[in-house]
Structure formats: structure tokens, C-alpha cells
Amino acid sequence: MKDSIESKATALWIADTTPQQLDLSVPENSMATLNIHGNVTGADIYINNVHVGTTPAILRQLPADSHYTIILRKEGYKDAKVTVTPKGNQLTDVTIKMKQKRKTNQ
């Protein structure tokens with residue numbers, strides 16, 4: 001068994017006199033795609049604390065059925081954060097709204 005790979009267990013009884021063929025190939029990874037966009041263009045995108053680009057962005061080949069914490073950061077805006085769990089072989093749209101920081105009078 002391996003993360004992001006669906007495994008199926010099958011019990012077999014093989015008689016000594018009956019030839020059997022077994023398929024022991026490794027199942028393919030189930031991958032997901034995230035379409036990340038929001039109300040602010042050019043915001044830095046962090047997934048699980050790793051910078052991966054700027055908005056808008058399409059991120060491909062992510063292991064499916066895993067949790068991803070997405071944070072958008074841009075100067076003049078409050079950080080915005082969401083957590084998603086994309087399904088395998090699907091495009092998941094992620095829309096994140098950022099709020100402007102209040103200006104303080106000095």
C-alpha cells in the first residue's frame with residue numbers, strides 16, 4: 001500500500017495442479033489538478049508552506065486525496081487561507097478572496 005494509490009486485497013487459494021496467472025502490477029497514482037484563482041491577481045501562492053507561483057495558476061500532478069493548505073499573500077492584503085482535498089483525476093476549482101489591510105493613520 002502507498003499513499004494516494006488505491007489498493008485492493010484479494011485472497012486466493014491455488015491448487016497445486018491448476019496453473020494460475022496473477023497480475024502483480026503496481027496501480028497508477030491517482031493525480032489531481034488545482035485551478036487556483038481569486039479576487040487579487042499576482043498574489044503569491046503557498047501550498048503546505050511551499051511557494052508554487054502566483055495567481056491565477058493551474059497546478060497539475062498533485063497526489064489526490066491528500067490535504068492541501070493553500071495560502072495567498074500579497075502586500076497590502078491580509079493572508080487568505082483554505083484547505084482542500086482534491087479527488088483523483090479531477091480538476092478542482094479553488095477561489096480565494098483576499099481582503100485589503102486597513103490603513104492606519106499616524
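Q: How many bridges join β1 to β4, and in which sense, parallel or antiparallel, do these two strands run?
A: Strands here are DSSP runs of E with at least two residues, and helices are runs of H or I with at least four, both numbered from the N terminus; two strands pair if DSSP finds at least two bridges between them. In this case five bridges join β1 to β4, and the two strands run antiparallel. Along this pairing, A32 has L62 in β4 as its bridge partner, and I36 stands opposite A57 of β4. The model is a predicted one, in which local features need pLDDT of at least 70 and side-chain atom pairs count only at pLDDT 80 or more, whereas totals for chains, interfaces and linings use all residues. Residues are numbered from 1 along each chain as its sequence is written, and side-chain values use heavy atoms, with hydrogens and water left out.

Q: How many helices and how many strands does the chain hold?
A: The chain has zero helices and seven strands, and the pattern read along the sequence is accordingly β-β-β-β-β-β-β.

Q: Which strands form the sheet that contains β1, and in what order do they lie?
A: Three strands make up an open sheet in the order β4-β1-β7, with mixed pairing. Its edge strands are β4 and β7, each of which pairs on one side only.

Q: How many residues lie between β5 and β6 in their hairpin?
A: The hairpin formed by β5 and β6 has six residues between the strands, and G76 in the turn shows a positive phi of about 90 degrees.

Q: Which residues touch the most other members of the largest nonpolar core?
A: A nonpolar core is a set of buried Ala, Val, Leu, Ile, Met, Phe, Trp, Tyr and Cys residues joined through side-chain atoms within 4.5 Å, where buried means under 20% relative accessible area, exposed over 50%, and partly exposed in between (1.4 Å probe, protein chains only). The largest such core here has 17 residues, and L34, I36, I47 and I70 touch the most other members. At least two residues of this core come from each of β1 (31-38), β2, β4 (57-63), β5, β6 and β7 (91-96). Contact means heavy atoms within 4.5 Å; leaving aside neighbours within four places in sequence, the contacts of I36 include I45, I47, L59, I70, L72, V94 and I96.

Q: Is L59 buried or exposed?
A: L59, found in strand β4, is buried because its relative accessible area is 15%. Beyond its neighbours within four places in sequence, L59 is in contact with A32, T33, L34, I36, I47 and V52. L59 and T33 are 26 residues apart in sequence, and their C-alpha atoms are 5.6 Å apart in space.

Q: In which strand is the place of T92, and what is the relative accessibility of T92?
A: T92 lies in strand β7 and, at 19% relative accessibility, T92 counts as buried. Not counting residues up to four places away in sequence, T92 touches T33, L34, N35, P86 and K87.

Q: What share of the chain do buried residues make up?
A: Buried residues account for 27% of the 106 residues in the chain. Among contacts between residues at least 6 apart in sequence, 49% join residues at least 24 apart.
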